[in-house]
Amino acid sequence: GHFQKIVNQIGNFLVVITLTMVIIIFIYLLLRRNNEVSKLSRKDVFDVLRDVLVLTVAAIPVGLPTVMSVTMAVGAKQLAAKQVIVKRLTAVEEMASVSVLCSDKTGTLTLNKLTFDEPYLKPGFTKEDLLLYSYLASEPGANDPIELAVRTAAKRDVPLLSECTGHTIPGFKVTSFVPFNPATKLTQATVIDRHASETFKVAKGAPQVIVKLVGGDNEATHAVNLLARRGLRALGVARTVPGSLEKWELIGMISLLDPPRPDSGETIRRCEEMGVVVKMVTGDQLIIAKEVAARLGMNRAILDANSLTDPDATDAQLADRCLHADGFAQVIPEHKYRVVELLQSKGLLVGMTGDGVNDAPALKKANVGIAVHDCTDAARSAADIVLLAPGLSTIVDGILTSRAIFQRMRSYALYRITSTVHFLIFFFIITLSFRWQMKAVLLIFIAVLNDAATLVISVDNAQISRRPDKWRIGQLITMSIILGCCLTVLSFAVFFIARDVFNIPDDAGKQSDDKTKDGRMETIIYLNVSSAPHFTIFSTRLAGFFWENLPSLTFTAAILATQVFAMFISIFGINGLTTAIGGGWGVSLLLISLAYFVVLDAVKVFVFRIWSFELTVKMWPTRARKEKLRRRKERRVVEERVRQNVEKVRKASRIIYAVNAFERAGRGTLPA
């Protein structure tokens, strides 16, 4: 999945730099030990190996997947309270990055409560005939809204059906039935008419399919278009002519009204405000799709299914069509799958909603498959997220919550990489240059204590972005290196001030069991390396200044509590762990670390403000990035040209309006 790839990229970067530095330190320590003794013993080798293994374990962020998983699990619980059930945990993170949401129309954007309206009838047939034949072509016991609407209207308006029980119709016997298929888009029944002693077939389905079945009918097509302009959904009904089971005649068109949900328009508007483009994908006719899109406040650039199967277009051209279209009509399940596939080929994370069996392949293909309220078991099984409330309104809650979760995970990732970079650079330099080492148990203590505290980031306040979130690994690592180097400067400043100003022995080259070892320098560096990177998490929480969105009380208390604990064990000392350094050093170091994160916060804001894609291309000039930058510049030029042309048209329109106003004023026809 997307999330696992991101964690692997971060983890691989940290593992590579950790192993590289640790191997160098291991070789250096072996050579140094060899110079100190005449011959290396097995104990010497194992002592060196123990030190570097502890350094490795402390540096590699083993808690990274755990903290992120806990953050997503807490987010999934928050979503469940909003009637959004998460089946695949990593879908929480991926939902924050979704920039295109493909939504089914019937039952999702509309109420899926169809009511019978005035039908279109061919000469020689009545409304009762139309309903009777449509009832014969209905699937017994089906809970489909269309079938239910047809059966309800037929039993209400056809006297012959008002008293019948089950699907048994007096005077008729259904000998075979072909249920609805998304590919054929019709149902078909073979019926014996006992009164006329004849056998005939009857079919009910999509208007374009039925019109094609009867050999074409321009008048019927025009009638369907008129119904569609009123927002009515049409169903064609046809039967075979007497004496033939191959030749069909049209009976008429059933008109069904499926009004939009009251909250659909507002939901689409809020999604677009958050940078998520909603595309309608429906099996209905193109003109119906356009009418519904207009009612929902969407643009009317709806394409039919033929635009997805154009043999003369390349995949890149088809992907561009999908990207710029507002929806697709007259689609079958293969088309829905194809739409998702083409959008993903543009590098987009795609969400897909659906409720039926025919939606299952597309739900599975999408980065985030969303099964809506009252969906089938097949759709629920294929989806990553299940909505318990009708409509799309709960998706907005899901997007907002997932973006908050994403910001928490990104905050922790930036903090953890920064902490690791600082840890490695400081101990790499101080080990090679000053022959100074820290007690192994203190290294482990730093790693365990700090990672345990950051678990509460899952309940921290988060600044929700107004655009889809994206993992910018290059930016994340670059920022981590800058902040890590700044922290390294602080740690060395503490080391040198303690050694050269306050004359605290550095105990360089002494082993942890050496009785002449002072131990205070080790405690001072422990408290600095523990607190300074840890307080940085207050800064990494957001791209702006830390006071723009203050952390939650629980999160603040947990972070401060761990470092106050570290301060107390440094002030008073613990036998075998730390040497007492006194209250002056302990409180001063903690306050310095707390103040230094404010300095790092200013550095972070400055770097984020100057950061751009152009800067990324200059720093890491790959061919793909250069091509992407070129396309962006070309698009900006086109957009600017279009803006200028639109402004010229507006200016000309204002001039024409003013001239016309003066002319009317001169003729005395200007309205008061």
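Predicted model: local features only at pLDDT ≥ 70, side-chain atom pairs only at ≥ 80, totals over all residues.

Trainee: Okay, in what order do the strands of the open sheet come?
Mentor: The order is β1-β14-β13-β12-β2-β9-β11-β10, which makes 8 strands with mixed pairing.

Trainee: And which are the edge strands?
Mentor: They are β1 (84-86) and β10 (302-304), and each of them pairs on one side only. From one strand to the next, the twist averages 20°.

Trainee: How do β2 and β9 run, parallel or antiparallel?
Mentor: They run parallel, with 5 bridges joining residues 100-104 of β2 to residues 277-281 of β9. For D104, the bridge partner in β9 is V281.

Trainee: Which strands does helix α17 touch?
Mentor: Helix α17 (residues 393-434) packs on the sheet and touches β1, β2, β12, β13 and β14. Its direction makes about 140° with that of β14.

Trainee: New topic: α10. Which of its residues are buried?
Mentor: A220, A223, V224, L227 and A228 are buried.

Trainee: Where do they sit around the helix?
Mentor: Looking down the axis of α10, the buried residues fall within an arc of 140°, so they line one face. As a rule, an α-helix has 3.6 residues a turn, so residues three or four places apart point the same way.

Trainee: What does that buried set pack against?
Mentor: The buried residues of α10 pack against β3, α9, β7, β8 and α12.

Trainee: And what happens at the start of α10?
Mentor: There, a side-chain oxygen of D217 comes to within 3.1 Å of the backbone nitrogen of E219.

Notes
Residues numbered from 1 in each chain as written. Heavy atoms only, no water. Pairing = 2+ DSSP bridges. Helix = DSSP H or I, 4+ residues; strand = E, 2+ residues; numbered from the N terminus. Axes fitted to C-alpha atoms, helices over the stretch in contact; angles between N-to-C directions. Contact = heavy atoms within 4.5 Å. Buried < 20%, exposed > 50% of the residue type's maximum accessible area, 1.4 Å probe, protein only. Arc of directions from axis to C-beta. Polar contact = N/O pair within 3.5 Å; in protein donor to acceptor, adjacent residues only side chain to side chain.
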